[in-house]
Every structure is written in C-alpha cells, then in structure tokens.
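Reader: I'd like to learn how to read helix packing in a model like this one. Could you walk me through it?

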Amino acid sequence: MQGKVEICGVNTAKLQVLTGKETARLLEQCRQGDKKAREQLIGGNLRLVLSVVQRFTGRGEPADDLFQVGCVGLIKSIDNFDTSLNVRFSTYAVPMIIGEIRRYLRDNSALRVSRSLRDNAYKALTAREKFTSEHQREPTVDEIAKMLDMKREDVVFALDAIADPVSLYDPVYQDGGDAVCVMDQVRDVKNTDDSWIEQIAIKQAMAGLNDREKRILALRFYDGKTQIEVAKEIGISQAQVSRLEKGVIEKIKKQL
C-alpha cells in the first residue's frame, strides 16, 4: 500500500472528506431516495474504506480487491444506517467495512475449513471487537468463550482455522546479516536430510547380512545384551560372538 496512489483507478491522494454536517444532510437525502446524495456519500467516505484496507495489508490479497470489498461494506452501511440514532456514521460504517473484508478473506482463504468453523470464527471476532471497544483491551480466549457460551477449545479451533497460512520462508528477524526465517525456528534438527540418508544407507547395509549376523546385532545393540549373554542364547562361544560382531561392523562400515 505504501507509495501507491491509485486503487481501482481511484486517486487516493485526492479523495474528498465530508464533514459531519454534510454527512448527516446527505444521509437524510439518501433516506428520501436521492441517488445523487447516495453517490456523494460513497465518494466522500472512500478514505474511510482506504484506512480500513490498510489494516489488512500483508494478507496475500491485492489491495484493489480489498478496496472493492470494503466499498461493498460501505454501501451496505449507507443503506442500513438509522439516522434517528445518536451515532456517528463512521462509528457504524467501520465495523461493517471490516466485517465485509473479513468475510471475503475467510471465504477466499487458501485453507478450506468447514462452514461451522467459519461461523464460530466470525462470532469470536465480532465478540472480540465488541469487548475491545467496551474495555479498551483485547479479551482472553476464556472471556470470548464466556461471551459466546462456547467451549474454550472451540474458540481456539475456530480462530486457528481462519488464521493466515505462513510461509516457511517468511523472515521473522534480520539484523544486517542473513534473515532468520520461520523454517529456522520450527525445523526438525534431529530428522535432517543427512540423518535420513544415513538411515537409508544403514538399512541397505543391513539387508546384505545373513540371519545370524542380524540377530547378533539385534541382541547386542537393540536388546543391550552382553557378548556372553548373546553366546548362551545363540549356542556359540563368546569369542565367536566377538569375532562375528567385529566382522559385521566392518562389513557395514565398508558399505557406508
């Protein structure tokens, strides 16, 4: 969004801003069916849509698309606003615009989730906005669950379901040198490519052993038995076990 002058062909630097009195007058005219007043209201509140769209940058959606969806929310708020209530139009319009954009992002998410989860997530987001507006702080998951009379885990699952997917290559920190990516923080340091290759090589080497050699290795290194215990179980001397064990290990090393 930074440095971008035009969205959907609209020059954002030249967007008009209506005063409170102008908005109230146009809303009254709009209630009476004045289409020109309706157009003026839409044009005079595009900057409001733009300010909301800026909250959703970085979601992977084109700003033009979000702006158009936000305009739909603006039009709905104009058509449904009750002029008899002592409420500023922007106070009513902003949640409508936000809701429309969130609905669009939810329905067009890269990850498909069930309708029930999406509905629960929408309820949770609405409850969170209401709580934040009333208490000037973000609610906890338990507080959201209590407001909606839902289980805590249902709220967590619903909010997680609509969370934006994160690329493993997204940088999370950079201080002059190479950036630290998500992959660097969540990667499995145990099951690396090298360890997988070693496991495959060992399996291939083990496949070339006979049954007695495999049994000796299993008893010694999987069951943890001593050479004397292995000798008694197999029926050979401890010296033979030692010689066979050494020979098997050498054979595996050569194949590796």
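Author: Gladly! This is a predicted model. Take α1 and α2: their axes come within 8 Å and cross at roughly 140 degrees.

Reader: Which residues of α1 and α2 meet?

Author: From α1 come T23, L26, L27, Q29 and C30, and they meet A37, R38, Q40 and L41 in α2. Sorted by class, this contact has five nonpolar, three polar and one charged residues.

Reader: How should I read the buried residues of helix α2?

Author: An α-helix has 3.6 residues a turn, so residues three or four places apart point the same way. In α2, residues 35-44, the buried ones are A37, L41, I42 and G44. They pack against α1 (20-31), α3 (46-53) and α4 (63-80).

Reader: What caps the N-terminal end of α2?

Author: D34 does, with a side-chain oxygen 3.0 Å from the backbone nitrogen of K36.

Reader: At what angle do α12 and α13 cross?

Author: The axes of α12 (residues 227-234) and α13 (residues 238-255) come within 8 Å and cross at roughly 105 degrees. The two helices are therefore roughly perpendicular to each other. Q227, I228, V230 and A231 of α12 make the contact with Q238, V241, S242 and E245 of α13. By class, that gives four nonpolar, three polar and one charged residues.

Methods:
Residues are numbered from 1 along each chain as its sequence is written. This is a predicted model: local features need pLDDT of at least 70, side-chain atom pairs count only at pLDDT 80 or more; totals for chains, interfaces and linings use all residues. Side-chain values use heavy atoms; hydrogens and water are left out. Axes are lines fitted to C-alpha atoms, for helices over the stretch in contact, and angles run from 0 to 180 degrees between N-to-C directions. Helices (H or I, at least four residues) and strands (E, at least two) are DSSP runs, numbered from the N terminus. Angles under 35 degrees count as roughly parallel, over 145 as roughly antiparallel, 65 to 115 as roughly perpendicular and the rest as oblique. Contact means heavy atoms within 4.5 Å. Ala, Val, Leu, Ile, Met, Phe, Trp, Tyr, Cys and Pro count as nonpolar, Asp, Glu, Lys and Arg as charged, and the others, Gly among them, as polar. Buried means under 20% relative accessible area, exposed over 50%, partly exposed in between (1.4 Å probe, protein chains only). A polar contact is a pair of N or O atoms within 3.5 Å; within protein, one must be able to donate a hydrogen and the other to accept it, and residues adjacent in sequence count only if both atoms are side-chain atoms.
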